[in-house]
Amino acid sequence: MQQSGNEMVGMGHDLVAPGIETRPVDTTAVFELQQSGNGEEGLPPAHTKDGSLDRYGKPDVRGRTGGWKSGLVLLVSQGLVTIAFYVLEASIVLSTKYVMRQTNAEAESTFSLWMGTVYLCSLVGGFLSDYLGRYLISTYAQVFLTVGFGLLSASAHALLKPHGCGAIGKLCDPHAPVEVSMFYISIYLIALGNGACESVLATFAADQFDEEDPTEKQSKTSFGWYFVVASNIGRLISVALLVYTESTGNWLPILWISTGCVITALVFLLSQTRRYRRFKPSGNPFPRIAQVIVASWRNKNLQVPSRGEEVKCILRLLPVWLCTIWSSVVFLQMPSLFTEQGAAMDGTILHFQVPPAGMIAFDIISTSTLIVFYDKLIVPLHIKLTKTQSKTLAELQRIGTGFVIAVVTMLSAGLVEQHRLKHSDGSTKEMSSLHILWQIPQYILMGASKAMVCVAEKDFFAAQTPDGLKSLEMILLFCCSALGGYMCHTILLVVNKITASNGKASWVPPNLNDGHADRFFFLLAALTMLNLGLFVMYAYRYISKSTQMRDGIEEMEEVEP
């Protein structure tokens, strides 16, 4: 997908919504303008230097477009979208269980498939932005979000019967097929909208800053951090809303609040339409990838340094990429099986009931803390243990460290589940006297694992994908998350099918007290260990892009006459 900054040069193409006036641009004149200027290279000082265009397809005039004014509006829009979406993401397991009357395994499968679709839609949104531009895709995505949340909120009036149902332990009445259909249509519209928005909006916001200008380049770096902070603040606000909802079962107010958030986000997005900076869509990246592979195959016995080295880069990335898919399987346990486990524990503190999904606050705090204090905590510890002066861990080292923490996370969850079962009352009610705060270590560990793996994974793919195939970075990341969601669904189905025999309950049954979710956690820990072993083997043999390209140049110099 098209990259921001100086990797993008857009010349004379309209990137505006339907109904907005467009004017053709003389691309030759624009090119000549870029080459001349007022005694300086590039565009005159009044214009941006990174090739960005205004809504008419003309070079942007600095001060009239982009900058912090547009960026902050997109920042607010992102925060509002995060609040709405994360409310649904964090509560969908419990809502499908108590409102839609699904079993634990069915609710987790629904969540895994839905999240896989969210990431698949992120990939689709990224591709479409290559054709239509980021502004259009961001707008259409938020329209889908608004329609999805509107339908979900409206249908909830029929789903939430009798009054007060949907709280933990309180099932709603069975639903008519049309009501069930409306529920699934609405949540998958939300998946489409959020997925497409997630892959495009952050980059579109970064487009509002000119990388070729030193001042705006620094602002762009700062803005990236603010964007992460806005997302995390949105998640924490969502947790606060869930505290009220899950303890009382009042889903209607929170759904309409979420709908109001996405409507407001859309209004903010549209409010700066005239000021946004845009880039010419780059087109489909797949033909370029296919050309590299075909050209290398046809000329495999010839010296083809450029395309041949690109193919080698891709092939060497694939084993590492396959190993990182498993991390998505592990991370999806937090908003699914962790939440179901917490719902079967005692959450009472004085007269307050801790909502199971609210425990995700510890994950958010852990992830944010580790990212912020990484240089002050992890790097000095790494230097002390390894007795080296390396300023940071390499990307593959960080990913491996994240996998190790993931193993410990699953072991911790399994041990908590064992103790939860020991403290169950033996009745038909799915409850245990073990307190929900015993889950804190597994949430903190999960946050640390995510901080290590996700950031390093993005940095690794960004650094190691060939320069001419930077779209591959986004493809690999979103495919990894999407496949992880579908893999999680498949694993749960297979495990329950195998373990439910001779009249015995499966490991993840409708009532967790009848099963052995602890064994499922231990199985995931073992599979994560296996994945870690394979990852270490591939990482040890991995040849970085810079080394590979240098060796290729040396080989070419040797064969020259």
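Predicted model: local features only at pLDDT ≥ 70, side-chain atom pairs only at ≥ 80, totals over all residues.
**Close-up views of salt bridges, cavities and a surface patch**

Arg235, Asp363 and Lys450 are joined in a network of salt bridges.

**Figure 1. The salt-bridge network of Arg235, Asp363 and Lys450****.** Side chains of opposite charge can pair when their charged atoms come close. In the salt bridge between Arg235 and Asp363, the closest N and O atoms are 3.2 Å apart. Because Arg235 belongs to helix H6 and Asp363 to helix H11 (residues 360–372), this pair ties together parts that are 128 residues apart in sequence. Lys450 also meets Asp363 in a salt bridge, with an N to O distance of 3.2 Å. Here Lys450 is contributed by helix H14 (residues 440–464) and Asp363 by helix H11, so the parts tied together are 87 residues apart in sequence. Arg235 is buried, at a relative accessible area of 14%. Asp363 has 0% relative accessibility and therefore counts as buried. Lys450, like Asp363, is buried.

**Figure 2. The salt bridge between Arg398 and Asp459****.** The side chains of these two residues, Arg398 and Asp459, meet at 3.6 Å, N to O. Distant parts of the chain are linked by this pair, with Arg398 in helix H13 (residues 395–422) and Asp459 in helix H14, 61 residues apart. Arg398 is buried, with a relative accessible area of 11%. Asp459 has a relative accessibility of 31% and so counts as partly exposed, since buried means under 20% and exposed over 50%. The structure has a count of five salt bridges, and the Arg398 and Asp459 pair is one of the salt bridges in the model.

**Figure 3. The largest cavity and its lining****.** Rolling a probe the size of a water molecule over the atoms shows where empty space is left. Two cavities of 30 Å³ or more are present in the structure, and the largest cavity holds about 160 Å³ of space. Its lining consists of 13 residues, with Ser95, Leu152, Phe183, Trp251 and Leu255 lying nearest the centre. Helix H2 (67–98), helix H4 (134–159) and helix H7 (251–271) are the elements that give two or more residues to this lining of the largest cavity. H2 gives the most, with five residues. By residue class, the lining of the largest cavity comprises eleven nonpolar, two polar and no charged residues.

**Figure 4. The second largest pocket****.** The volume of this second largest pocket is about 500 Å³. Its lining is made up of 26 residues, and those nearest the centre are Tyr98, Ile168, Gly169, Lys170 and Glu430. Two or more residues of the lining come from each of H2, helix H6 (214–248) and helix H10 (334–343). The lining of the second largest pocket divides into twelve nonpolar, eight polar and six charged residues.

**Figure 5. A nonpolar patch on the surface****.** The patch is formed by Leu120, Val124, Leu128, Tyr131, Leu132, Tyr140 and Phe144, which together have about 600 Å² of accessible area. Helix H3 (104–132) and H4 are the elements that give two or more residues to the nonpolar patch. The largest share, five residues, is from H3. Leu120, one of the patch residues, lies in helix H3. Because its relative accessibility is 37%, Leu120 counts as partly exposed.

Key: Residues numbered from 1 in each chain as written. Heavy atoms only, no water. 1 Å grid on protein atoms, 1.4 Å probe; cavity = no way out; pocket = protein on both sides within 12 Å on 5 of 7 lines; lining within 4 Å. Points joined across faces, edges and corners; volume = space filled by probe spheres on them. Helix = DSSP H or I, 4+ residues; strand = E, 2+ residues; numbered from the N terminus. Nonpolar A, V, L, I, M, F, W, Y, C, P; charged D, E, K, R; others polar. Patch = residues over 30% accessible without salt bridge, like charges linked within 9 Å, V, L, I, M, F, W, Y side chains within 5 Å. Areas by Shrake-Rupley, 256 points an atom, 1.4 Å probe, with all protein chains shown as cover. Salt bridge = Lys/Arg side-chain N within 4 Å of Asp/Glu carboxyl O. Buried < 20%, exposed > 50% of the residue type's maximum accessible area, 1.4 Å probe, protein only.
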